[in-house]
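Open the model in your viewer and keep the selection tool at hand. The stops below say what to select next and what is there.

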Amino acid sequence: MKPLKMQSFTISLFAILLLGVCHVSPATPASDKEKKTTYIVHMSKSEMPASFEHHTHWYDTSLKSVSDSAPMLYTYENAIHGFSTRLTPAEAKLLESQPGILSVLPELRYKLHTTRTPEFLGLDKSADLLPQSDSVSEVIIGVLDTGVWPESKSFLDTGFGPVPSAWKGGCESGTNFTANNCNRKLIGARFFARGYEATLGPVDESKESKSPRDDDGHGTHTASTAGGSFVADANLFGYAAGTARGMAARARVAVYKVCWVGGCFSSDILAAMDKAIDDGVNVLSMSLGGSSSYYYRDSVAIGAFAAMEKGILVSCSAGNAGPNSYSLSNVAPWITTVGAGTLDRDFPAFVSLGNGKNYSGVSLYKGGAILPGNLLPLVYAGNASNATNGNLCMTGTLIPEQVAGKIVMCDRGVNPRVQKGAVVKAAGGLGMVLSNTNANGEELVADAHLLPATAVGQKSGDEIRAYLVSDPKPTVTILFEGTKVGIQPSPVVAAFSSRGPNSITPDILKPDLIAPGVNILAGWAGSVGPTGLATDGRRVEFNIISGTSMSCPHVSGLAALLKAAHPDWSPAAIRSALMTTAYVTYKNGKKLQDVATGKYSTPFDHGAGHVDPVAALNPGLVYDLTANDYLNFLCALNYSATEITSLARRDFTCDASKKYSVTDLNYPSFAVNFGNGGAGEVIKHSRTLTNVGTPGTYKVLISLQSPGVKVAVEPETLSFREANEKKSYTVTFTGSSMPANTNSFGRIEWSNGIQIVGSSIAVSWTQ
């Protein structure tokens, strides 16, 4: 998902999710009924008439039956069975009525969700526990994003052996990119633009490369976070100096460019997933998302189902729409959904006022302009503008005569944070204090500002504004303190990290877990400055940005490590290991905190907890799942045979004599929803644990203290005598009357005295 470092084109690019955007010739505007938009056509391959030798001929004939001129943008072989094309609404409706057509769905536009991390996660101290480099180098991480800057040192292949023999991918040429840009580290690079171009017209190659090359920086950052090589002396303007490395530094990387200046289109995303499955990736990392929808209408969920069946773990960002409830993206249970937390590293820059008071802030500024040692005049942007939104420091809203030579206080919101600083600088201001408002609270995200600037929380901002009102000649300076580590408490859940409950399937708890996603240092594109603004002429090899876009590739890389250590594990087993070993308390025993509230975080915020990769390598027990388990889950959702076939690419009919239940899905967490106040309501969840460790006996511990629910586990002890042995248990939740919209949280933990297999519980009372 788009990092919180916002780019100059962010508002036009990602501010809104559009359905079926059309590219209409301005000379001959068509009526709405005649406009052509992109549709993804799902076919029932088993219904292909015998008269056709190949399914692509059948697809072509079906399309021509409704339009002689409609282009075939893509045909899909793996992610779905079908194709994408451009049709009018009337043509789409006619096509959907044809035999063998499961659905004709309008294309969606997705948006991007946007070092010390290895040390923070304990990877530097546990080399003897990690899989050998030879096994890791057989694992391939596929990254769907804005492409790659292949010259980044993060993709050097020094010390790498031959490309894995199972790899079937390629390295495509295009603008500013050739096959020679790939190597034994970056083993694949492809780009997908047909859906984008069909909607918005040809890629403007004067602004971005029609090739796998990354002109944005986001894709290079995510790819190097997941699997970047070791790079000594990495830093951003001296900040966060040290050795940079991806989570799986010896893994191979393959990039699939699906995001462009105009967005990321579902027909292109599906084509990339289709190709990645065929190429032979082991992990798919996708830091993008859109609005949640039913799984059979969600292209990412559909493609991820196909990937899961091929043994590929799909890791997706949860979204940057927090701290609002029900704000998650990518909630399908076969997707690993990743939220964001902080590191124990910060970049302090203090606001020092003329009244002697100091306020802590953060900044990555380090440029040519240096503030004088003395205090400078301070002005509030809202008082130096004639615009009603002058406090936001929007382009052209500041009066130069009132800000020249002063430090300007701007409020956060609407336009990118770094752009506010550019506006102040253009008006003659010498510096900026950027204040959070109620929407962001106390969450601080550091930026590489174009002028001396720092960001402060809402409480500090309110006090600084009060000082501005009370003092007729307010003054200020900013003190930059560099990089500080050991910040506590850490991690805390980032305020921007999207939250549950799960709006599509409330009985599946999401997000799955959190990982580092705030102020992350990783590789960057050489054609764009660290702010992404067109006016930013600085060029850097590494950048520090934030978002669930950054937390997602952390988990993708860690999943690659687990895949190398346990090649026979399924995607569900890998996710289970990451979830059941995640931690929900600090070393001092206190619960994880949420920066948005300043209180304890809940499973709706952190899921299973914060990832602990060293513990995940040896989880003891796992909750495993197969494709058939997910099909039964779809039956429990009362999906029709057509809807299931669209999603699973096979004929599958739910057994009318069988009782299906979502609570039977063998998920590593528990979401319980009582209706009508919950009085006397009984909800049962069944689970099965598989032994992936040594023989032993595990006893259960329940920690959920609420007058509204009683929890019982049967049996309370599970004994395992051999590897891969399975044992089942049932959890019974008995509700009592509670007010609507009440939530309670707890955990179920199985322990053999050494290992703890933990599961989060979220209990909700609805009307």
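Start by selecting Ser327, which touches Ala318, Ala321, Gly322, Ser498 and Arg499, leaving aside residues up to four places away in sequence; contact means heavy atoms within 4.5 Å. Ser327 sits in the loop between strand E15 (313-317) and strand E16 (336-341). Helices (H or I, at least four residues) and strands (E, at least two) are DSSP runs, numbered from the N terminus. Is Ser327 buried or exposed? Its relative accessibility is 14%, so Ser327 counts as buried. Buried means under 20% relative accessible area, exposed over 50%, and partly exposed in between, with a 1.4 Å probe and protein chains only.

A note on what is on screen: this is a predicted model, where local features need pLDDT of at least 70 and side-chain atom pairs count only at pLDDT 80 or more, while totals for chains, interfaces and linings use all residues. Residues are numbered from 1 along each chain as its sequence is written, and side-chain values use heavy atoms, with hydrogens and water left out.

Next, colour the chain by domain: domain 1 (37-105), domain 2 (119-341 + 490-616), domain 3 (349-480) and domain 4 (666-765). These bounds come from an automatic or database domain assignment. Between domain 1 and domain 3, the C-alpha centres are 55 Å apart.

Now select helix H13 (residues 548-565) and helix H14 (residues 571-580), whose axes come within 10 Å and cross at roughly 115 degrees. H13 is therefore roughly perpendicular to H14, a term for angles of 65 to 115 degrees. Axes are lines fitted to C-alpha atoms, for helices over the stretch in contact, and angles run from 0 to 180 degrees between N-to-C directions. Show side chains: Val555, Leu558, Ala559, Leu562 and Lys563 in H13 meet Ile574, Ala577 and Leu578 in H14. The residues of this contact are seven nonpolar, no polar and one charged. Here Ala, Val, Leu, Ile, Met, Phe, Trp, Tyr, Cys and Pro count as nonpolar, Asp, Glu, Lys and Arg as charged, and the others, Gly among them, as polar.

Finish at helix H18 (residues 641-648), where Ile644, Thr645, Ser646, Leu647 and Ala648 are buried. What do the buried residues of H18 pack against? Their partners are strand E1 (37-43), strand E4 (101-106), helix H9 (299-309) and helix H17 (627-636). H17 and H18 pack at about 145 degrees, with axes 10 Å apart. Leu631, Leu634 and Cys635 in H17 meet Ile644, Leu647 and Ala648 in H18. That contact has six nonpolar, no polar and no charged residues. Following H18 is Arg649, with a positive phi near 60 degrees.

How values were computed:
Parallel < 35°, antiparallel > 145°, perpendicular 65-115°, else oblique.
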